[in-house]
Structure formats: C-alpha cells, structure tokens
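Here is a friendly walk through one protein model, written for someone who likes to know the cut-offs behind each term. Keep the viewer open as you read.

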Amino acid sequence: MQKKILLLMLFLAYANDVYAQEAVLSLSGDSLVNIKTESAEAESKTEVSGSVSEEDDGGIFSFLQFWKDKKPDVVTQGNEQNASVKEETYEESLIRMSNEGNVDADLALGYIYLYGDTEHKIEVNYPKSFEYYQKAAAKDNVIAINNLGSLYYSGIGTKRNLLEAAKMFSKAASLGNSEAMVNLAFIYLSSKGELYRPEEAMTLFKQASDANNFTASFMLGYAHYKGFIVDKDYLQAFKLVKEAANKGFDEAMIVLSEMYMNGYGTPQNYGTGVKILNKAAVQGNVEAMVALANILATGTKYPKNIVQAHIWFNLAAVQGVEEAAKKRDFLAKSIKMEELLQAQSMADTFKPKPSSITQYINQTFGKNVRKYIDNKSPLNGIN
C-alpha cells in the first residue's frame, strides 16, 4: 500500500537490511526550472537484465527527495482559437499543452500530481504523476527519466520495480544526469544478487564526481580512504573528501578531520582537525559531538576544556548516546557550580545548524552514508 507523501518525502522503510534502512533516491531538482526541451538521442550504455523481487534488494531506501522549492515554472496560454470557449483552468491549460507535445507541461503535471497544488486546487494523484513523468521520459527528457526511476523504485503511482528503476537511472546516467549516476551507484552498492555491482558503482561515482556532484565525490573519496574496490590512496581521498567538506557536508568533515589529525594525505595538523570537527558538531552531528567532547575532556593532543566537553556530551546524551551521558555526569563532578550551570544553559539553548548539502544527503540517502562501504567491505566478509 502506498504511503502518503509528507511534503518533501515519503518514508518507505524496509527492515531486512539493518545497516541500510535510511537511504533514499534523489530526483533531478535543479532542472525543473527552465527545463530544456531538446530530445537526447543517446541510448542507455548500461544494460540491466533479470528479475529482482522486493526481497532481493534488502529494502534499503526510505524514499526520495523531490525539491519542493523548485516547482516547475510553466507559463500557460489561453485557448485563443475559440473565444467562445470558457477560460481554462490552470490544470486544463497544462493538460492541453501536454497533449500538444509540450514536455515542460508534462513535467509540471508530474510534479503537481505528486504533491498537489493548493493554489490551483489540484489534488495529489500518484498514477497521474507517474503517467506524465512517463510521457516526458518517452520524449527522452533526462529529468523525467531519472524521476521516473525514483517512482519505480518507491512504488509511487505504479508497482514497485527495482529493475525498472535501475534501467531508468541507467538511461538517465548515460544521458549525463549526475544525480541518476549516484542513484544507480547506491542501488549497485546496496542491492543483493545480480544488482550488487560495487565496481560499476565506483565508476558511476567517478563520473558524477567529475560532474561536480559532491555526494559522489565523498563516496569515491571515502572508498579511496578505505581501499574499497578502488586503490587505497590517501592523497586522492583527501582531495575528494575535502571537496565535499568544503561544501558543508558534515560527514565529510568528520573524515577530513580524522585525516588531518592522523596526517593521512596531508601534513598532520591536529588543530585544524579539531576546528573542522567542531564545524560538524555545530551542524548537530552526534558522532562529531562525541569525538570532539572526548578530545576536549582528555586534553592530550589539544587544550583541555571540560566545560566545553560537558556541553557536547550533554547534547549527545540528549540524542540517546548513553556513554556520553555517563561522561557528562563524570565531568560535572570537576566543574564549578557557576560553570556547570552555564554549560547546562548553553546546551539547553543550542540549535543545530545543518548545511543545505547535509540536509539534502541525509534526506536523500540517509545518515552515515559510509555504511554502504564500511558494511560491505571485503574485510567484513559481506559481498
């Protein structure tokens, strides 16, 4: 049964694969405005064959991220051929334009029927959304092809079909859509059986990274960092991870901080590593909070600051980290009453400030995307 879309996303969580329940597939949002209408002649370069059941993929994606703030901007035109005909509604105008072959109207209708449009009193209609994305995809519109893949993947407006989703992503990827490349790469990393293709996933990440997709840059960089499929190469890992970290991705900041602290791919600089870790913690990343608190509490390689450590442990404890709660309470015994009250007050007023790229990746592929590499590393015996 389809679940209702809650504005930006629909969560379809499948519990079969413990390490990969939060990931989702992204749709091409940037091109929903000022959409190009030229047909692309390139055909899919990646063949996907066979049958895949819902059990085969392990149920690893939650859903997909449609960019709600990038609603297609289509200028509708009235029916000028017959002045006696009553004025068209916005929906009727788009449907007419679609019937006349306007791919922009196809895309707009696909989007509107997916989310509904309160301004024009158009209700959500998943089958119609699928129908119009399919119509635009038939015109080789790369945005529609990628989005259609996401609908196939999540079973929105159609029966869920992972194989068809992979085919759509493959075709959109062959047409140069970097988001489709990343979508397909995550399917290849997270699936079981014939669709588990980690080598092809790395190739896709490389192509998308070259097209300035920072999700891909991080995944490829982390693969080089761990020596997963690609060669272990700290210099290349540092370069790619830093690209994503500089764009504000909190998870990339954690890895980059680790590289600075250990001198992997860059001269060792513990102070820089701590500063970068702090930036990730400020975004609300719990892993960064705990790591930073441990550094400040011990004071072995960085100036000790138990008050700041108490704040970060306190914030991590709120997120359910039991060890952080224990360390917070232990530190409280060594802090003056005035400082303790101030630390508690600062923690109480803390508001995380996740960057846009962090929010996008978390909503699209889930938190801790490193799990796709860590949990399937040959070292862990999972293939």
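## Helix H1 and its cover

Helix H2 (103-115) and H3 are among the elements that cover the buried residues of H1. Contact here means heavy atoms within 4.5 Å, and buried means under 20% relative accessible area, with exposed over 50% and partly exposed in between (1.4 Å probe, protein chains only). The buried residues of helix H1 (residues 90-99) are Tyr90, Ser93, Leu94, Arg96, Met97 and Ser98. An α-helix has 3.6 residues a turn, so residues three or four places apart point the same way. Just after H1 comes Gly101, with a positive phi of about 100°.

A word on the ground rules: this is a predicted model, in which local features need pLDDT of at least 70 and side-chain atom pairs count only at pLDDT 80 or more, while totals for chains, interfaces and linings use all residues. Residues are numbered from 1 along each chain as its sequence is written, and side-chain values use heavy atoms, with hydrogens and water left out.

## The whole protein

The protein has 17 helices and 2 strands; helices (H or I, at least four residues) and strands (E, at least two) are DSSP runs, numbered from the N terminus. Of its 383 residues, 51% count as buried. Among contacts between residues at least 6 apart in sequence, 63% join residues at least 24 apart. The protein exposes about 18,500 Å², and carbon and sulfur atoms supply 49% of that area. Accessible areas come from the Shrake-Rupley method with a 1.4 Å probe; for residues, only the protein chains shown count as cover.

## Nonpolar cores

In soluble globular proteins, nonpolar side chains tend to be buried together. A nonpolar core is a set of buried Ala, Val, Leu, Ile, Met, Phe, Trp, Tyr and Cys residues joined through side-chain atoms within 4.5 Å. Which residues have the most contacts inside the largest nonpolar core? They are Phe205, Phe218, Met219 and Val369, in a core of 101 residues. H6 gives the most to this core, with 9 residues.

Leaving aside neighbours within four places in sequence, Met219 is in contact with Phe186, Leu189, Phe205, Val369, Tyr372 and Ile373.

## Aromatic pairs

There are 14 aromatic pairs in the structure. Rings of Phe, Tyr and Trp (its six-membered ring) pair if their centres lie within 6.5 Å; planes under 30 degrees apart count as stacked, over 60 as edge-to-face and the rest as tilted. Phe130 and Tyr152 make an edge-to-face pair, 5.2 Å centre to centre with 85° between the planes. This pair links distant parts of the chain, 22 residues apart: Phe130 is in helix H3 (residues 126-137) and Tyr152 in helix H4 (residues 142-154). Phe130 counts as buried because its relative accessibility is 8%, and Tyr152 does so at 12%.

The pair of Phe186 and Tyr372 is edge-to-face because the ring centres are 5.1 Å apart and the planes stand at 70°. Phe186 belongs to helix H6 (residues 178-190) and Tyr372 to helix H17 (residues 371-374), so this pair ties together parts that are 186 residues apart in sequence. Both Phe186 and Tyr372 are buried. Elsewhere, ring pairs link Phe218, Tyr222, Tyr225, Tyr234, Phe249 and Tyr264 into a cluster.

Is Glu251 buried or exposed? Glu251 counts as buried because its relative accessibility is 3%. Its place is in helix H10 (residues 250-262), and a polar atom of the Glu251 side chain lies 3.1 Å from the backbone nitrogen of Val369. Not counting residues up to four places away in sequence, Glu251 touches Phe218, Lys367, Asn368, Val369 and Arg370.

Asn213 lies in the loop between H7 and helix H8 (214-226). With a relative accessible area of 11%, Asn213 is buried. Beyond residues up to four places away in sequence, Asn213 touches Ser178, Glu179, Val182 and Ala208. The C-alpha atoms of Asn213 and Ser178 are separated by 6.5 Å, though the two are 35 residues apart along the chain.

Notes: Polar contact = N/O pair within 3.5 Å; in protein donor to acceptor, adjacent residues only side chain to side chain.
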